[in-house]
Amino acid sequence: MAPPSCSSSSSSNPNPKNGADFETFFEGWLVRQEHYLDELQSVLEKHGESKDDEYLKDLSARVFSHYQEYYEEKSRMSNHNVFLVFNPPWFTPFERSFLWIAGFNPDLAFKVAAVAASDMTAEQKQMIDHLKIEIRVGVKGLNNELARVQESVAARELMIVGGRAPVGDEMGEINSVLDELQTELLAVLSNADLLRTRTAERVAGILNPVQTVKFLAAATQMQLRVRTTGLQREARNRVKL
């Protein structure tokens, strides 16, 4: 949930080779995520409305940069294996149940903002409503594009093998179809991530500095809470087995 203009941290792994490499990065990223949440909540609890706007803007920029680090690493992983990113093993099944095109649905940003920044003015609410309409058009377009890609690939595969196991040269044709699918999925994912980051950036642009900190704190807390719940469910399932 970060604007593309933010710079990334130097802790990024420049060339993830597999899901295990990304999972290692992700675990470290989550630790830093918790630290940012502590700082966001501390600012809101101890200083509230009196905190200097420049400090709040700087803190928000650092949090956005942290999210941008995730998206940049995810992009590198996607270029290596986009199919893995669409079914990420580094997320629990509970976390995966919330995914839309391998990430959060941009509409979630509006729900978080409405709760976290409940003191928005009438003008801010109107701006949010206009933005919401625009973003939902983008979401619908990406849903349609993903459906088109999936249907196109399924039809081509059916034409090649007719529902049976591929034999001989057909395997090469299937691999060609998979290569094309990877290219098209990368394009859809890239556009989805761009929509996610731009939505968060534009929501923050409507909010004042204090509201933005509240928005980021709520979004960060929600993500970590979903993560914790997913891990707890996995632990309970292992005990049952």
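Predicted model: local features only at pLDDT ≥ 70, side-chain atom pairs only at ≥ 80, totals over all residues.
Student: What share of the residues counts as buried?

Tutor: Of the 241 residues, 41% count as buried.

Student: How do I read the packing of two helices? What is the angle between H1 and H2?

Tutor: Look at the angle first, then at the distance between the axes. Helix H1 covers residues 19-46 and helix H2 covers residues 53-80; they pack at about 170°, with axes 11 Å apart. An angle over 145 degrees counts as roughly antiparallel, so H1 is roughly antiparallel to H2.

Student: Which residues of H1 and H2 meet?

Tutor: On the H1 side they include Phe22, Phe25, Trp29 and Tyr36, and on the H2 side they include Leu59, Val63, Tyr67 and Met77. Sorted by type, the residues of this contact are 14 nonpolar, 3 polar and 6 charged.

Student: Now H1 and H8. How do they pack, and at what angle?

Tutor: Their angle is about 140°, and their axes are 9 Å apart. H1 and H8 are therefore oblique to each other. The crossing of H1 past H8 is left-handed. Among the residues that make the contact are Phe26, Leu30, Leu37 and Leu44 of H1, together with Val213, Leu216, Thr220 and Leu224 of H8. The contact of H1 with H8 divides into 11 nonpolar, 5 polar and 4 charged residues.

Student: And H5 with H8? Is the crossing left-handed or right-handed?

Tutor: H5 passes H8 in a right-handed crossing. Helix H5 spans residues 107-116, helix H8 spans residues 209-240, and they pack at about 120° with axes 9 Å apart. H5 and H8 are therefore oblique to each other. Leu108, Ala109, Val112, Ala113 and Ala116 of H5 meet Lys214, Phe215, Ala218, Ala219 and Met222 of H8. Of the residues in this contact of H5 with H8, 9 are nonpolar, none is polar and 1 is charged.

Student: Let me try a single residue. Is threonine 212 buried or exposed?

Tutor: For one residue, check the relative accessibility and then the neighbours. Threonine 212 lies in helix H8. It counts as buried because its relative accessibility is 6%, and the cut-off for buried is under 20%.

Student: Which residues does threonine 212 touch?

Tutor: Leaving out residues up to four places away in sequence, threonine 212 touches Ser60, Ala204 and Leu207. A polar atom of the threonine 212 side chain lies 3.4 Å from the backbone oxygen of alanine 204.

Student: What about glutamine 211? Is this residue buried or exposed?

Tutor: Glutamine 211 is also placed in helix H8. With a relative accessible area of 2%, glutamine 211 is buried. Not counting residues up to four places away in sequence, glutamine 211 touches Ala117, Asp119, Met120 and Gln124.

Student: How far apart are glutamine 211 and methionine 120?

Tutor: Here you compare sequence with space. Glutamine 211 and methionine 120 are 91 residues apart in sequence, and their C-alpha atoms are 8.1 Å apart in space.

Methods
Residues numbered from 1 in each chain as written. Heavy atoms only, no water. Axes fitted to C-alpha atoms, helices over the stretch in contact; angles between N-to-C directions. Helix = DSSP H or I, 4+ residues; strand = E, 2+ residues; numbered from the N terminus. Parallel < 35°, antiparallel > 145°, perpendicular 65-115°, else oblique. Left-handed = near helix turned anticlockwise from the far one by under 90°. Contact = heavy atoms within 4.5 Å. Nonpolar A, V, L, I, M, F, W, Y, C, P; charged D, E, K, R; others polar. Buried < 20%, exposed > 50% of the residue type's maximum accessible area, 1.4 Å probe, protein only. Polar contact = N/O pair within 3.5 Å; in protein donor to acceptor, adjacent residues only side chain to side chain.
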